[in-house]
Amino acid sequence: MLLSANLNQPWNSTLPTLILLRKCKTSNDIDQLHARLITTGFIKTPTLTTKIVLAFSSSRFSPLVDFARHVFFTQHAFSSHEEEEMDPFLWNAVIKSYSHGREPEQAFLMLCLMLESGVCVDKFTLSLVLKACSRLGLIKEGMQLHGLLSKLNLGSDLFLQNCLISLYLRCGFIGCARELFDRISRRDSVSYNSMIDGYIKRGMIDSARELFEFMPREDKNLITWNCMISGYAQLENGMDLALELFEEMPVKDSISWNSMINGFVKRGNMEDAQTLFDKMPRRDVVSWANMINGYAKLGKVDLARRLFDEMYERDIVVCNAMMAGYVQNGYCAEALQIFHQLQRAGDLQPDKATLLIVLSAIAQLGHIEKGLEIHQYLEDNKFSLGARLGVALIDMYSKCGSVKNAMLVFEGIEDKSVDHWNAMIGGLAIHGLGELAFSLLLEMERLSVEPDDITYIGVLNACGHAGLVKEGLICFDIMRRVHKMEPKLQHYGCMVDILGRAGQVAEARKFIEEMPIEANDVIWRALLSACKNHENVDVGEPVAKHLITLDSHNSSSYVLLSNMYASLGMWDAVSSVRMMMKERNLKKIPGCSWIELDGTVHEFFVQDKSHPQVMEIYSLLDSMSTSNSELTTCRQLG
């Protein structure tokens, strides 16, 4: 027990109590000490209880904070001592524990209790409550506080006026913030910086620049300059202005350099980003991560890796940037190698971002065994699956072919968001389990889970793959009539695919013609594919010609048209299409498939003979083909 090692302490002193309190980590520890305080009578000692409230109301351990509040409310809040009634010092300590911690809404209730109890309210009290209102977006309560400031003759206090400006900006009332700003007789850098930052966050760069130029130069600090640089970096053509300000800055910090580098990186201008990076006096992990991200987005993973290898000391952010760069460019095995190196080194702990990248890599590779290992890692390290990790895990299992494991993860998550439902529906869709996907949509309706655009795309895709025309029409109707959602191009495309796959080609063509928005090439191609599959040349031929007009350099339309002609024995038409492709220098993109065997992924293209075991593979295929032919013959003879 916590007290057992300290029973030899002299309990006629309050010092052991404070020492023990600092060691408390759990509610059980505090309960023991609380009982001791009651039995010794120290709970009635104002000096001790005051120290408890002041020392532990800001603790990072929730049980200690709760104990400090309990002591305050039982020993001080309603004290009969006149001095305590007038002094808000302890009240402010407890209010701060709310405004900066859990349950910020309680800060406003504490203020009301203070006013009802006749306790003096000072500007620190009000600033804390304004902070709580800002965190929660409580504009109505914030305006009430604004009125209270005037009644207490604190309306002209600059510190509180800045707090109010921050509140109005946080709640989106930029006009009220500017009106208050304009009424301040003597502003400081906080006033200006708050308004400039507020304008920039809303994309009002011209208003921010106007205020920046009006601001006295002596009030401009690093925050001011960095705000304006980040604002210009948001604009499509703003990097020249950002660079002009950057060069004019009297002093620069890492934020200044990184803002500029990030601005160039976002525009794919790695030459200027590299120039600044080379000049940077002191680089931090953000600088390296920005550069690695920039090169990776341009597909230059070799340059990104070179930078990564140059680093003397890495953190998890930079490792994540390199891994994400690999995954974005299809080098998933390389991303997993970095992850395994992290695990072996043991000096850096993977975070949620790391694991999301790893799950994405595994999903693309189809490595189910590695997926199971990561799932076990998540459980061993008590990662919550209630957010994006759960979504990624469901998606990984689905793409690795294990719908059963995906469903087990899905069912094990208690507080499911719409993203979890979407991931599971999407997983069922890619495996052609349309009825299950449709039943999940109905289950969402029963549990009052509000579906979104992605939900309906997933269910409609599932219905299309499973040939469920009626269910697809019902889903489309629920979307429009029940949830009042306006279908997007993807939803219309799914409906065309559903009708086309079911052979209802004429109905699909009519559906496109009646759409309130113009069909794109993807929708027309879905219809053409259905025409080819169901040998409907009457609808397919004009659709193909329309597609070729829309995008004459896309080979897929030519190939679909050629295959449709071939299936009907129209060889002259096939020859004509192939001649057209040859004249326009178009080539068919080969199909690709892959399979995992003993932890290794084998990839195959159409007519691909690059695999090291190609002779054995084709020999086995030939023997299988011969066996199937013999079996068919036997059945016919039988």
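Helices α22 and α24 are roughly parallel to each other, because their axes cross at roughly 15° and angles under 35 degrees count as roughly parallel, over 145 as roughly antiparallel, 65 to 115 as roughly perpendicular and the rest as oblique. The axes of α22 (residues 352-365) and α24 (residues 388-399) come within 8 Å, where axes are lines fitted to C-alpha atoms, for helices over the stretch in contact, and angles run from 0 to 180 degrees between N-to-C directions. Helices here are DSSP runs (H or I, at least four residues), numbered from the N terminus. The model is predicted, so local features need pLDDT of at least 70 and side-chain atom pairs count only at pLDDT 80 or more, while totals for chains, interfaces and linings use all residues. Residues are numbered from 1 along each chain as its sequence is written, and side-chain values use heavy atoms, with hydrogens and water left out.

The crossing of α22 and α24 is left-handed, a term for a near helix turned anticlockwise from the far one by less than a right angle. On the α22 side, K352, L355, L356, L359, I362 and A363 make the contact (heavy atoms within 4.5 Å), and they meet R388, L389, A392, L393, D395, M396 and K399 of α24. These residues divide into nine nonpolar, no polar and four charged, with Ala, Val, Leu, Ile, Met, Phe, Trp, Tyr, Cys and Pro counted as nonpolar, Asp, Glu, Lys and Arg as charged, and the others, Gly among them, as polar.

Another pair, α26 (residues 418-430) and α27 (residues 434-446), packs at an angle of about 160° with the axes 8 Å apart, which makes α26 roughly antiparallel to α27. Their crossing is left-handed, and V418, W421, M424, I425 and L428 of α26 meet L436, A437, L440, E443 and M444 of α27. By class, this contact has nine nonpolar, no polar and one charged residues.

Turning to the rings, the structure holds twelve aromatic pairs, defined for Phe, Tyr and Trp (its six-membered ring) by centres within 6.5 Å, with planes under 30 degrees apart counted as stacked, over 60 as edge-to-face and the rest as tilted. F476 and Y492 form an edge-to-face pair, 5.7 Å centre to centre with 65° between the planes, and the pair links distant parts of the chain, with F476 in α29 (residues 469-482) and Y492 in α30 (residues 489-501), 16 residues apart. The rings of Y492 and F511 have centres 5.9 Å apart and planes at 50°, so this pair is tilted; F511 lies in α31 (residues 505-513), 19 residues from Y492.

Technical notes. Helix = DSSP H or I, 4+ residues; strand = E, 2+ residues; numbered from the N terminus.
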